[in-house]
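Welcome! Try each task before you read its solution.

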Amino acid sequence: MALLPILCFPDPKLHKVAKPVAAVDGRIQTLISDMFETMYEAKGIGLAATQVDVHERLIVMDVSEGRDTPLVLINPKLLWTSPETHLNEEGCLSVPGIYDGVQRHDRIKVEALDAQGQVRLIETDGLLAVCIQHEMDHLMGKVFVEYLSPLKRNRIKTKMLKAQREARA
Ligand code: K1U
Ligand code: ZN
C-alpha cells in the first residue's frame, strides 16, 4: 500500500480526459488499494484516478459514517439522471479548504465494473449520488470550481497558487 500525491487546482493535469480501464488486473487492484489508503488518509469521501495523475476511468468512494463501506467504480456510465436537482455543498481534495454549492441531480443510475471486474448497476440518491457526479466530472477533466462564477473561480485560483508558493518556500 502507498500514499499517492494528490494534484491540486489549478494543475492543468486535472483537466485531462480519462481513458477506459482496459483490464481489471493486478495493476488496477494495486491502484485501487493505494487510492483507498490515500482517500482515507486525506479524510475524503471519494477520489478519482485523475486526482492522483492516473488518467483512467476509476473512482473509489466511501460515504459511510463508519468509513467501512468502500465502493469502486471502474468505467462508470451514467444511464439515467432525475430531472430534479438540488444545490449541494461540495468540497474537493484537489481544492483544499474550499467549499461551495453545486447543482446536482437528486437521483442517478450508473453502470460500472467493480474491483473484481463484475458489472454492477447502482441506483442511488443523497450524498453518494452527489459524490458519484463529482467524481465522474473529475474523469472528464472537470473540477467543481468550474461550476462557480468566473470571479469566485479566479479568487480560488489565486488563493491556491499563493498557498502552493508558500508551501514550497
Ligand atoms: O473528489 C474529491 O476530491 C473528494 C471529495 C468528494 C466530495 C465531497 C463532497 C461532495 C461531493 C464530493 C471530498 O471528499 S471533499 C472532503 C470531504 O470529506 C467532504 C466535504 C464536504 C462534504 C462532505 C465531505
Ligand atoms: Zn474532487
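**Exercise 1. Find how many disulfides the whole structure holds, and examine its cysteines.**

Step 1. Searching the whole structure gives 0 disulfides, where a disulfide is a pair of cysteine sulfur atoms within 2.5 Å.

Step 2. Cys 8 is in no disulfide, and its nearest cysteine sulfur, that of Cys 92, lies 8.6 Å away. Cys 8 is partly exposed, with a relative accessible area of 25%. On this scale, buried means under 20% relative accessible area, exposed means over 50%, and partly exposed is in between (1.4 Å probe, protein chains only).

Step 3. For Cys 131, the closest cysteine sulfur is again in Cys 92, at 10 Å, which is too far for a bond. Cys 131 counts as buried, at 5% relative accessibility.

A note before you go on: this is a predicted model, in which local features need pLDDT of at least 70 and side-chain atom pairs count only at pLDDT 80 or more, while totals for chains, interfaces and linings use all residues. Residues are numbered from 1 along each chain as its sequence is written, chains are lettered from A and ligands numbered from 1 in the order in which they are written, and side-chain values use heavy atoms, leaving out hydrogens and water.

**Exercise 2. Work out which residues coordinate the zinc ion (ligand 2).**

Step 1. Look for donors, meaning N, O and S atoms within 2.8 Å of the metal (3.2 Å for Na, K and Ca); water is not among the atoms, so sites may look incomplete.

Step 2. The zinc ion (ligand 2) has Cys 92 (SG), His 134 (NE2) and His 138 (NE2) around it, at 2.1 to 2.3 Å. Written as a sequence pattern, the spacing of these donor residues is C-x41-H-x3-H.

Step 3. Why are His 134 and His 138 separated by about one helical turn? They are 4 residues apart in helix 2 (residues 126–139), so that is the separation between them. Helices (H or I, at least four residues) and strands (E, at least two) are DSSP runs, numbered from the N terminus.

Step 4. Check the burial as well: His 134 and His 138 are both buried.

**Exercise 3. Locate the cis peptide bond and two residues with positive phi.**

Step 1. Recall the background: most residues other than glycine have a negative phi, and most peptide bonds are trans.

Step 2. The cis peptide bond joins Phe 9 and Pro 10, with omega about 10°. Pro 10 sits in the segment before helix 1 (26–41).

Step 3. Asp 53 has a positive phi, near 65°, and lies in the loop between strand 1 (46–48) and strand 2 (58–61). Asp 53 is partly exposed, at 34% relative accessibility.

Step 4. Arg 67 is not a glycine either, yet its phi is positive at about 55°. Its place is in the loop between strand 2 and strand 3, where Arg 67 is partly exposed at 29%.

**Exercise 4. Describe the surroundings of Glu 89.**

Step 1. Glu 89 is found in strand 4 (residues 85–90) and counts as exposed, at 60% relative accessibility.

Step 2. Leaving out residues up to four places away in sequence, Glu 89 touches Tyr 99, Asp 100 and Gly 101; contact means heavy atoms within 4.5 Å.
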